[in-house]
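Please read the following report alongside the sequence and the three-dimensional view.

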Amino acid sequence: MKNPYLPIPMILKKARIETSDRMLRTLELTFRHPEDEEKFRYVPGQFCELSALGKGEAPFGIASSPTEKGSLKFTINKAGLVTTELHRLEEGSEIGIRGPLGNGYPIDLFQGKNLVIIGGGFAFTTLRSLIAYFLHPENRARIKGITVIYGARMPGLLLYKEELLEWEKRDDLRLVTTVDWGDKDWKGKVGLVPNVLEEAAPSAEETYAVICGPPVMIKFTFPKLMALRFPNERIFTSLEKRMKCGIGKCGRCNIGHLYVCKDGPVFSYGQLEKLPKDY
Amino acid sequence: MKFKLDKKDFENFLKDLMETYDLFAPVQLTEGVSVFKKIDKPEEVNLTQLVPQKSAKEVFFPQSETMFRYEMSENQSPIVSEQKIGRERVLLGARPCDIEAIFIVEKVFIGEDYTDVYFLEKRKKTTIITLACNHPLTTCFCSSTGGGPFRKDGSDLFMIDLGESYLVELLTEKGLAFSKNRFFKEAGSKEIRLVKELEEKAAKKTDSSIPVEGIEKRLDLMVESPFWDRIHEKCIGCGTCTFLCPTCHCFDITDEATNQKGERVRNWDSCLFPIYSLETSGHNPRPTGRERTRQRLMHKFNYYPKNFGRVACVGCGRCILYCPVQFDVREAILYTSSRRTEGRKGKFK
């Protein structure tokens, strides 16, 4: 029987620093064994447990899209023991992963609808996966309009800058970037994500909203979406919690009777409203 | 199939058993302190303490367990899983409440989507010989949670202490493997009668009046109740209740390593510890004792029932017996019901 606690070996193919504070590093991992790659099927919004042997394991959203074959991408915020090690490891090193874990975004629900994607800070990773998924030529026609609102504290802290520039050029995607403090080269908006959302005022007609960001951003974004008349069931968010096993056994990530690792991390606001505020 | 096992033969029975199985049974470590552990010599087995401090869950889910070992070399780190155990096991002398608890934990560990192979391996390879409770304690309330001092569900063999001998009932295929045991004698009508008497007496002693039924629905309405503000106040967050609870199953996973090799270990953890839910950012979704106490009780009496259809409490009373500040879970249960004032009257002092 398959042991769900055993990581599969991956190779760190490429690593790059994303932000000016050097705290965010994107790892591109390739599978050591082709049969592992064969079995690894995921949707945007799922996550993996990354192992830094000797230090431990931690959960990270998958930043690559299933349409990008051959490798997986994760963007790691340097914050503790495991993430510091994941920043230290050199290209060519082995990194263990377990996954894909969690439910992911409800891709099929979005079929034929508009999508408003709202992100803040380094929580943009799985949103990047979602956007790349629907921008893929095979999938673009599956949904209608895509609006992306993405904010960071400073221009240098935005992730995937080259990709943002490419998206800006497209006419089938509306991108609004914002920062709390701009600099002389900054051409985007200056202001907090909830306010920028209010200003951009995407229509709620036939539209789903997906939010991912720090708790404080989510807290102030919900009421703005309500005011724009988005119903609870059409607002989705991806939650983070301290996690260990990632498969609903070790206990710590529950919100009420649901586990963020197994029943989430993606929940609708309608679902969250009925649960204790343990997040 | 029922047999009689004379107590004078008991040590030899165990000796025989240990030739085929690894035996796990209660052992008295020091005065008043018993735990379940692997038996080296039959005379170690001590069945006198009704509820050993630590429950039988340890046999299936050790307090600390190596999940896999690894060696770290330049670019490749081979991993060796530790999921296999060697010999078949016998768990002897656990009480019906502890056995019921194993099945509560099992529902989580052996799920439809992911199977905890470490737990499963031990469960598959263990034969359970349960011992009935002739003299339940005043803190016992198994008959309020759906159990009872003579409950046989989940046992492969069931033992009842008759004074000079044990009555042994073989209940499952694993149990029937013992049918040719050389120490088992035919049980007479005298023994059968005695069992009935003991069972009736024991049933009267456990408290079946604790209003556990319907608690899931009652707690649905109490998520933000001021009840939690009051009830957590005396809790010092030591976690004793969660470690001794036979149904608590939370664990932490850590790496223990030197430069060359290491192992990934899981250790029991407790939702009553602030660090349990503390996130790297500093955010803690359960910042005070209020949320943590709520989590402990809601998990047992509301969240678990929502997922698995029964409460995650077997009424063993360990959390009542060993709490350093006399937190009484029965009082909490009473409070959720129409009998909410009874606990305050010192019913359980």
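## Basis of the model

This is a predicted model, in which local features need pLDDT of at least 70 and side-chain atom pairs count only at pLDDT 80 or more, whereas totals for chains, interfaces and linings use all residues. Residues are numbered from 1 along each chain as its sequence is written, and chains are lettered from A and ligands numbered from 1 in the order in which they are written.

## Domains of chain A

Chain A is divided into domain 1 (8-101) and domain 2 (107-238), with bounds that come from an automatic or database domain assignment. Their C-alpha centres lie 24 Å apart, and the contact between them takes 18 residues from domain 1 of chain A and 15 residues from domain 2 of chain A; two residues are in contact if their C-beta atoms, placed from the backbone, lie within 7 Å.

The side of domain 1 of chain A that touches domain 2 of chain A has six nonpolar, nine polar and three charged residues. Here Ala, Val, Leu, Ile, Met, Phe, Trp, Tyr, Cys and Pro count as nonpolar, Asp, Glu, Lys and Arg as charged, and the others, Gly among them, as polar.

## Domains of chain B

In chain B, domain 1 spans 2-205 and domain 2 spans 215-345, and the C-alpha centres of these two domains lie 25 Å apart. Contacts join 34 residues of domain 1 of chain B to 27 residues of domain 2 of chain B. On the domain 1 side, β4 (64-71) and α2 (96-109) of chain B each supply at least two residues, and by class this side has 16 nonpolar, 10 polar and eight charged residues. Helices (H or I, at least four residues) and strands (E, at least two) are DSSP runs, numbered from the N terminus.

## Contact between the chains

Chain B gives 40 residues and chain A gives 32 residues to the contact between them. On the chain B side, the elements that give two or more residues are β4, β5 (79-81), α2, β11 (251-257) and α9 (289-308) of chain B, and the largest share, six residues, comes from β11(B). This side of chain B has 19 nonpolar, 14 polar and seven charged residues.

## Helix α2 of chain A

In helix α2 (residues 81-88) of chain A, A:Val82, A:Thr83, A:Glu85 and A:Leu86 are buried, a residue being buried if 20 or more other C-beta atoms lie within 10 Å of its own, exposed if 12 or fewer, and partly exposed in between, with C-beta atoms placed from the backbone. Seen down the axis of α2(A), these buried residues fall within an arc of 160 degrees, so they line one face of the helix; the arc is that of the directions from the helix axis to the C-beta atoms. The buried residues of α2(A) pack against β2 (24-31), β3 (47-52), β4 (56-61) and β5 (72-77) of chain A.
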